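Please read them alongside the coordinates.

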Amino acid sequence: MKRIRLLIAYDGTNYCGWQVQINGITIEEVINKALTDLLGEPIQVIGASRTDSGVHAKGNVAVFDSETRIPPEKISFALNQRLPNDIRIQKSDEVPPDWHPRFQDSVKTYEYQILNRKFPDPLKRLYTHFVYMPLEVEKMKEAASYIVGEHDFASFCSAGSQVQSTVRTVYRLDVEKVEDVIKIQISGNGFLYNMVRIIVGTLLKVGLGVYPPEHVKDIIEAKDRYAAGPKAPACGLTLVKIEYGEE
């Protein structure tokens, strides 16, 4: 028995998120079926990040155990032949039997894209959140600076989370405008349920002039979900990469 690790990219538009559920088709379900068919044994992958419905990924990570004799590095090629075009394995390799994608020390990086212009662009509709009102990017940058560091992010966590602690560390939160797209990139040691999308929704309120940038400090101190902004739509969010400490 060996443990194989997969680096996975996907367009989440047509899926009900990562995790298997009864409400609709998911990324995990599709990969499980393709692996089971390929290897001739029942396979259930363990994913690093359970992305929400409509969220995309360039570098999600999953592992599975198998008796296969296929070389680990070749599984990515064989598996891609059985997957739909909106899911692709970027790499496959072998890891120690006890290696777990969620329990290793890691840094996760997400990116959220906002299309800020007068009219929507149909070619960007699946990967950006459209906002027609002008956003003040400099104020969004200032607000973002208060989020960086170790904080109790209870205000930025949706109901339903079952975590023991809501304390997380954000290492970096950059806000940059390139032409008519505002890119918000955030790196941290872990994120609460909907945390990134709620942070983005809060920064949008700042960009629209609803909150002054320094109000973000009050939101953090409140430790109350109702103090923060709304949850931004899923389509603008992409899991960019997961970096593991041992590597």
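1. The largest nonpolar core holds 69 residues, and Leu6, Ile31, Leu35, Ile114, Ile184 and Leu203 have the most contacts inside it. Such a core is a set of buried Ala, Val, Leu, Ile, Met, Phe, Trp, Tyr and Cys residues joined through side-chain atoms within 4.5 Å. Helix 4 gives the most to this core, eight residues.

2. This is a predicted model: local features need pLDDT of at least 70, side-chain atom pairs count only at pLDDT 80 or more, and totals for chains, interfaces and linings use all residues. Residues are numbered from 1 along each chain as its sequence is written, and side-chain values use heavy atoms, with hydrogens and water left out.

3. Isoleucine 184 lies in strand 9 (residues 181-188); helices (H or I, at least four residues) and strands (E, at least two) are DSSP runs numbered from the N terminus. With 2% relative accessibility, isoleucine 184 counts as buried (under 20% relative accessible area, 1.4 Å probe, protein chains only). Beyond its neighbours within four places in sequence, isoleucine 184 is in contact (heavy atoms within 4.5 Å) with residues including Ile114, Met140, Val200 and Leu203.

4. Leucine 203, leaving aside neighbours within four places in sequence, is in contact with Met140, Ala143, Ala144, Ile147, Leu173, Val175 and Ile184.

5. Lys139, Met140, Ala143 and Ala144 of helix 3 meet Leu203, Leu204, Val206 and Gly207 of helix 4. The residues of this contact divide into six nonpolar, one polar and one charged (Ala, Val, Leu, Ile, Met, Phe, Trp, Tyr, Cys and Pro count as nonpolar, Asp, Glu, Lys and Arg as charged, the others, Gly among them, as polar).

Conventions. Buried < 20%, exposed > 50% of the residue type's maximum accessible area, 1.4 Å probe, protein only.
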